[in-house]
Amino acid sequence: MNLNSPEIKSCVQALKDIDFELAYLALLACEGLKPLSRWEKPLDGEGLLLLQQLGLEARQIHRTVKTGKDVVETIFGREPGYVQIYEQRFGGRPVDKSAETQRFEGYLFGYPPCCIEQYIAKPYTPNGLPTDDQEILFHWACRDCTITPTILPAYRSLNDLASKL
Ligand SMILES: [Zn+2]
């Protein structure tokens, strides 16, 4: 996808007007860096249309939290398969943080397996990563991770792109 085309830029800009993280997650999904992205808020039809215009499959997923309250998540990705799998597994289900769920979500969201396992064993273990690198990621990098530094430049360039729009 040509991220410099005016049509694409205006879509990303409109998503950014809704929320910066939404626009950044959309770029990561467009570039295939994340098989699936999750924005933990509902999005209206116009917002969903913007994601579709970027070539993404987008859905609203209803979940419940412990208090019984209904929450809506927006999930999107280039491959409909990942969106369907997420919907089948989590649609209408309570939000949970079990190791099994974290492993499965990590797989869908494109997190390095080593970081997922470290996070399950002990979350937020100091990893030596500069704060401004850690904060553009959606996973907590494991200590001495060999995968995270490899994917960071691609994340950085899309974060910069979203910031400049
Ligand atoms: Zn790692």
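A: One definition to start with: two residues are in contact if their C-beta atoms, placed from the backbone, lie within 7 Å. Also, this is a predicted model.

Q: OK. What do the buried residues of helix 3 pack against?
A: They pack against helix 1 (6–18), helix 2 (20–30), strand 2 and strand 3.

Q: And which residues of helix 3 are buried?
A: Gly47, Leu50 and Leu51. Looking down the axis of helix 3, these buried residues fall within an arc of 100°, so they line one face of the helix.

Q: Why would residues a few places apart point the same way?
A: An α-helix has 3.6 residues a turn, so residues three or four places apart point the same way.

Q: What's exposed on the other side of helix 3?
A: Gly45 and Glu46 are exposed there.

Q: What follows helix 3?
A: Gly55 follows helix 3, and its phi is positive, near 85°.

Q: Where is Leu54, then?
A: Leu54 lies in the loop between helix 3 (45–53) and strand 2 (57–64).

Q: Is Leu54 buried or exposed?
A: Buried, because 22 other C-beta atoms lie within 10 Å of Leu54. The cut-off for buried is 20 or more.

Q: What does Leu54 touch?
A: Not counting residues up to four places away in sequence, Leu54 touches Ile8, Cys11, Ala26 and Cys30.

Q: How far apart are Leu54 and Ala26?
A: In sequence, 28 residues; in space, 8.1 Å from C-alpha to C-alpha.

Q: What else is Ala26 in contact with?
A: Setting aside neighbours within four places in sequence, the contacts of Ala26 are Val12, Leu15, Ser37, Leu51, Leu54, Leu56 and Phe76. Ala26 also belongs to the largest nonpolar core, as one of the residues with the most contacts inside it.

Q: How many residues does that core have?
A: The largest nonpolar core has 38 residues, and Ala23, Ala26, Leu27 and Leu56 are those with the most contacts inside it. Helix 2 gives the largest share of this core, 9 residues. Among the elements that give two or more residues are helix 1, helix 3, strand 3 and helix 8.

Q: Why do nonpolar residues end up together?
A: In soluble globular proteins, nonpolar side chains tend to be buried together.

Q: Back to the helices. At what angle do helix 1 and helix 2 pack?
A: The angle is about 145°, and the axes of helix 1 and helix 2 are 5 Å apart.

Q: Which residues make that contact?
A: Helix 1 supplies Val12, Leu15, Lys16 and Ile18, while helix 2 supplies Phe20, Leu22, Ala23, Ala26 and Leu27. By type, the residues of this contact divide into 8 nonpolar, no polar and 1 charged.

Q: How many bridges join strand 1 to strand 3?
A: There are 3 bridges between strand 1 and strand 3 (residues 70–77). Arg38 stands opposite Ile75 in strand 3.

Q: Which residues are buried in helix 4?
A: Tyr82, Val83, Tyr86 and Phe90. They cover an arc of only 100° around the axis, which puts them on the same side of helix 4. Besides strand 2 and strand 3, the buried residues of helix 4 pack against helix 5 (99–109).

Q: And the face turned away from the buried side of helix 4? What does it carry?
A: That face carries the exposed residues Pro80, Gly81 and Gln88. Helix 4 is followed by Gly92, whose phi is positive, near 75°.

Q: Which residue other than glycine has a phi near 55°?
A: Tyr124 has a positive phi near 55°. Tyr124 sits in the loop between helix 6 (113–121) and helix 7 (131–134). Tyr124 counts as exposed because it has 9 C-beta neighbours inside 10 Å.

How values were computed:
Residues are numbered from 1 along each chain as its sequence is written. This is a predicted model: local features need pLDDT of at least 70, side-chain atom pairs count only at pLDDT 80 or more; totals for chains, interfaces and linings use all residues. Helices (H or I, at least four residues) and strands (E, at least two) are DSSP runs, numbered from the N terminus. A residue is buried if 20 or more other C-beta atoms lie within 10 Å of its own, exposed if 12 or fewer, and partly exposed in between; C-beta atoms are placed from the backbone. Two strands pair if DSSP finds at least two bridges between them. The arc is that of the directions from the helix axis to the C-beta atoms. Axes are lines fitted to C-alpha atoms, for helices over the stretch in contact, and angles run from 0 to 180 degrees between N-to-C directions. Ala, Val, Leu, Ile, Met, Phe, Trp, Tyr, Cys and Pro count as nonpolar, Asp, Glu, Lys and Arg as charged, and the others, Gly among them, as polar. A nonpolar core is a set of buried Ala, Val, Leu, Ile, Met, Phe, Trp, Tyr and Cys residues joined through C-beta atoms within 7 Å.
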